[in-house]
Amino acid sequence: MTASADLLQQDVALDAFNTLRLPARAAWYARVDHVDGLRAVLDDPRVAGLPSLVLGGGSNLVLAGDFAGLVLHVAFHGRSKVQEDADAYYVRAGGGESWHDFVRWTLEQGWPGLENLSLIPGTVGAAPVQNIGAYGLEMAEHFYSLRAYDLATGKTVGFDKRDCGFGYRDSFFKQAGAGRYLIAAVTFRLPKAWKPVTGYADVAAELAARGLVQPTPLQISDAVIAIRRRKLPDPAEIGNAGSFFKNPVVDAATYARLAAAHPGLPHYPQADGREKLAAGWLIDQAGWKGRRLGPVGCYDRQALVLVNHGGATGADVIAVARAVRADVAARFGVDLEPEPVFAGTPPTP
C-alpha cells in the first residue's frame, strides 16, 4: 500500500471544514502534515490532472457547491524561534497552526507585535494569502518569509515579503499565484523595539475602560479579544466567514461627494491621498444590519458579517452577497468586493 493510499479519501463531506457550515463534498480529500505525504498524494494516478483546493481553517471560504477535484487540508504544525538578532525575534509556525493560538504563544514567550491580530480565525498558512489585518495592523508589517509547495512543479519554494505582493486583504497568492501553492510554514519578524498600536477607536476605548494607560502586549490582546467577542459571531455558535466584504478605498473626489451627502461617514485617510470607507457602515445604512433572506443574513451586531442561520447553501450566501452589493452600489455608488475565496460548482437551479 502506498503512502497516498493511506491519505487519500474519496467523496468526503466538507461541511465541518468550513466555518460558514455550507454543505459540499470533495471528490477526493487528503489531510497532509508533511511534504513527503503531500508529494505521494499528488503523484497518485487517481488524482492526476484534477483541480486542487488548498484548505486551511475554512474561515475565509465560500463553498458554492461540490468540489470535483482534490482538497488538500493543510495540517503542517510546529512553532519555534528560529533566529534572533539585536533588533528582532524571528518566529516560524507551520501552515496548519491555529492563527490565534500562535499569536497568543508569541506573546506568552515575550515576543510582541501581533497582538492586534488576536482571535482572527483560520490558520497561519492562510494569513499571508489574505494579508489578514485588524485594528490598525496588517500581517504584512511583521511578515518575513514563507516556504510553500508549488503544486504545478512539485518543488518547495521560498518567498520573501516582496515576492508576496501584499496589498489590502490581498497578495500574490490571491492573484497570479491563486491555487498554485500550499503554504507549509511562515516566519515573522517581531521587532524588539515594540510599539503598541492603540490608535484604533475601539481599541483605545476598550483600554480606557480598563484603566490602561500603558498597556502590555498581552493586555492589548485581551482588549482586542473582548472587542471581537462583543461585535463578531463565534463560528462555533453560528456559521460565518468573518468580515465578508473589504473596506472600499475611493478617490478624494468620491469621498468628498459622499461626505457631503453623509456627514457621519467613517473614513480612514490613505498615504496616496485616497480614503478607506467602512464597509460595515455602508451596509448598515443600506438597511442590511440584522436583515436576512432565507437562511442567510447580515449579523445583527456587525453588518459586515454574513451569517448562516441554519441550512444555507453556497447559492444562498451568494444571493445575499449580490443583494447587499447591489443596494450599497445603488445608495452610495460604491462597489463592495468580497473577501472570501469562492470554490466548488454551484448546484443546478
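A salt bridge is taken here as a side-chain nitrogen of Lys or Arg within 4 Å of a carboxyl oxygen of Asp or Glu. The structure is a predicted model, in which local features need pLDDT of at least 70 and side-chain atom pairs count only at pLDDT 80 or more, while totals for chains, interfaces and linings use all residues. Residues are numbered from 1 along each chain as its sequence is written, and side-chain values use heavy atoms, with hydrogens and water left out.

A search of the whole structure gave 16 salt bridges. Among the residues involved, K81, E84 and K192 are linked in a network of such bridges.

R25 pairs with D11, with 2.8 Å between the closest N and O atoms. R25 belongs to strand β2 (residues 25-32) and D11 to strand β1 (residues 9-13), so the bridge ties together parts 14 residues apart in sequence. Strands (E, at least two residues) and helices (H or I, at least four) are DSSP runs numbered from the N terminus. Burial was classed by relative accessible area: buried under 20%, exposed over 50%, partly exposed in between (1.4 Å probe, protein chains only). R25, at 37%, is partly exposed, as is D11 at 45%.

A salt bridge also joins R230 and E206, again with the closest N and O atoms 2.8 Å apart. Here helix α7 (residues 217-231) supplies R230 and helix α6 (residues 201-209) supplies E206, so parts 24 residues apart in sequence are tied together. R230 is partly exposed at 47%, whereas E206 is buried at 9%.

In the salt bridge between R169 and E138, the N to O distance is 3.6 Å. R169 is buried, at 11%, and E138 is partly exposed, at 23%.
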